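Here are a few exercises on pockets and aromatic rings. Open the model, try each task yourself, then read the solution.

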Amino acid sequence: MIPIIDQVIDPAVRARAIERYRERGIILPTFAQQRDPELVPEKVKAKLGGIGLWDLDPMNLFRITWKNQPQEKGGLYGPVNRIELPSSLTGVKARIVALVGQWFPTGAHKVGAAYGCLAPTIITGGFDPAYHKAVWPSTGNYCRGGAFDSYLMDCTSIAILPEEMSRERFDWLKTVGAEVIATPGCESNVKEIYDKCWELRNTREDVVIFNQFDQFGNAVWHYTCTGSAIEEVINEIGNDRSRLAAYVSATGSAGTIAAGDYLRTIEPQLKVVASEALQCPTLLKNGFGGHRIEGIGDKHVPWIHNSRNTDAVTAIDDEDCMRLLRLFNEPEGHAMLAEQGVPQETIAVLPLLGISSIGNLLSAIKTARWFEHDEDDIIITVATDSASMYGSRLAEMTEAHGAYTTLQAARDLDGCLLGQRTDNFKELTHPDRRAIHNLKYYTWVEQQAKETEDLESLWYDRDLWTRLFAQPARWDEMIDEFNAETGVLDNL
Ligand SMILES: Cc1ncc(COP(=O)(O)O)c(C=O)c1O
């Protein structure tokens with residue numbers, strides 16, 4: 001049975017967590033507050049004024065929201081952070097808008113996904129901060145988000161990630177005191193991460209594994225917070241003729257794409273498009289392989305991916321993403337874009353796109369071309385993290401290919417961006433969706449000890465996803481009770 005988390009499972013553990021949070025001054029934000037920071041108490045906002053976005057201060061749990069003011073220190077809340085990418089850059093008529101993850105603490109939205117997994121466990125007594133270690137297996141930013149949230153929630157963390165991930169990630173993890181375990185391989189070597197999790201599970205009693213690929217809290221956070229953030233953006237930027245035409249999301253753990261399940265409830269005609277790396281096209285072709293789009297494409301279908309709600313799959317060449325990373329961040333690239341008529345205000349925000357964000361942009365362009373979207377159509381996608389996470393990748397490319405030139409910029413603009421067409425794009429039929437779902441069997445039932453019955457219910461049970469996505473209403477009640485018992489908010 002796939003559990004719905006709606007009650008305390010161990011009152012003694014919960015009581016210990018309350019005691020500890022009282023001593024440490026930790027308040028847990030509700031999901032409603034993360035969705036709508038207007039609900040954050042004024043006394044919390046007053047504290048945030050003196051705290052930096054990345055500071056290891058428990059108050060920063062209240063900055064797990066798409067609506068942080070875009071500043072390093074002292075910011076409060078404003079509109080959902082997003083950028084619109086004009087036709088002069090994309091070559092298509094449709095309006096392409098990307099939510100910006102840079103302004104979450106850690107510079108990526110994965111602090112939200114991690115909160116969605118950890119917070120319900122704390123309030124129900126499933127995790128004892130004085131005893132348990134929170135294990136965050138990940139190829140991307142999830143273990144950074146998990147380590148950050150753990151620190152703020154006074155939990156010890158263990159991050160597991162492939163040894164070939166960018167140096168920035170390893171350096172930062174050490175600063176939050178996480179135990180770091182590097183597994184063999186690169187981005188798409190998830191099986192090695194799972195093996196390490198089993199080793200920990202079998203040899204240590206104090207570990208709780210928050211596997212983002214099977215933890216519904218990840219998808220639930222995006223359904224609740226990312227979904228409503230997108231709805232707000234549409235309401236703000238749309239006009240009478242606008243329609244939310246598509247939601248495009250790369251799938252790593254398939255958390256972010258769950259916002260599409262929320263959007264379907266407000267726009268049933270919406271196309272939900274999953275994006276992956278051409279070098280590892282698992283959804284598109286049952287394919288496998290290594291690639292350079294950090295954070296996505298892991299040679300399996302995540303347990304939490306509701307493939308019934310995916311309308312199309314597309315795959316992006318990682319070489320295009322890497323070249324555009326240079327175009328969007330090197331001065332010669334900016335000069336070329338300006339010469340081609342891309343507005344300065346757009347050029348200035350291009351560094352907000354990390355490698356997978358560029359992949360999402362390219363997938364949005366393919367989507368616009370495939371469905372022949374026009375200027376009334378809005379395609380929403382997500383910039384999970386920014387180029388600031390990939391300085392070492394830029395340096396590696398300079399070393400390998402020499403300094404970036406205007407000639408190269410012109411080639412990249414034409415070849416990798418304006419030249420995007422509808423190749424490697426597949427609209428899914430019902431049997432295609434079922435085939436994607438079936439692929440879960442090999443990872444989850446054969447390797448990871450899930451029940452076939454649960455696999456079937458994820459496909460057939462009409463109410464299961466609705467019940468899973470509805471959990472935050474109850475979680476918020478339990479968070480309020482928890483905070484009331486610590487008394488920290490009352491005494492602030
Ligand atoms: C940079 C980056 N992009 C995209 C993703 C994919 O998001 P999700 O895991 O929600 O599918 C991740 C996940 O960690 C990531 O780190």
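**Exercise 1.** Which helices each supply at least two residues of the lining of the second largest pocket?

*Solution.* Keep in mind that this is a predicted model. Start at the middle of the pocket: of its 16 lining residues, D261, N306, R462, W465 and T466 lie nearest the centre. Now go to the helices: helix 10 (259–266), helix 19 (452–460) and helix 20 (464–469) each give at least two lining residues. By type, the lining splits into seven nonpolar, four polar and five charged residues. The volume comes out at about 300 Å³.

**Exercise 2.** Find the element that gives the largest share of the lining of the largest pocket.

*Solution.* This pocket has a volume of about 590 Å³. Among its 28 lining residues, P3, I5, D214, Q215 and F216 are the closest to the centre. The largest share belongs to helix 5, with four residues. F216 is also part of an aromatic cluster with Y223, Y262, W465 and F469.

**Exercise 3.** Classify the ring pairs that W136 makes with Y142 and with F210.

*Solution.* The whole structure holds 20 aromatic pairs. For W136 and Y142, the centres are 5.3 Å apart and the planes at 75 degrees; that is over 60, so the pair is edge-to-face. For W136 and F210, the centres are 4.9 Å apart and the planes at 20 degrees; that is under 30, so this pair is stacked.

Conventions
Residues are numbered from 1 along each chain as its sequence is written. This is a predicted model: local features need pLDDT of at least 70, side-chain atom pairs count only at pLDDT 80 or more; totals for chains, interfaces and linings use all residues. Side-chain values use heavy atoms; hydrogens and water are left out. On a 1 Å grid over the protein atoms alone, a cavity is a set of points where a 1.4 Å probe fits but cannot get out, and a pocket is an open set with protein on both sides within 12 Å along at least five of seven lines; lining residues have an atom within 4 Å of a point. Grid points are joined across faces, edges and corners, and a volume is the space filled by probe spheres set on the points. Ala, Val, Leu, Ile, Met, Phe, Trp, Tyr, Cys and Pro count as nonpolar, Asp, Glu, Lys and Arg as charged, and the others, Gly among them, as polar. Rings of Phe, Tyr and Trp (its six-membered ring) pair if their centres lie within 6.5 Å; planes under 30 degrees apart count as stacked, over 60 as edge-to-face and the rest as tilted.
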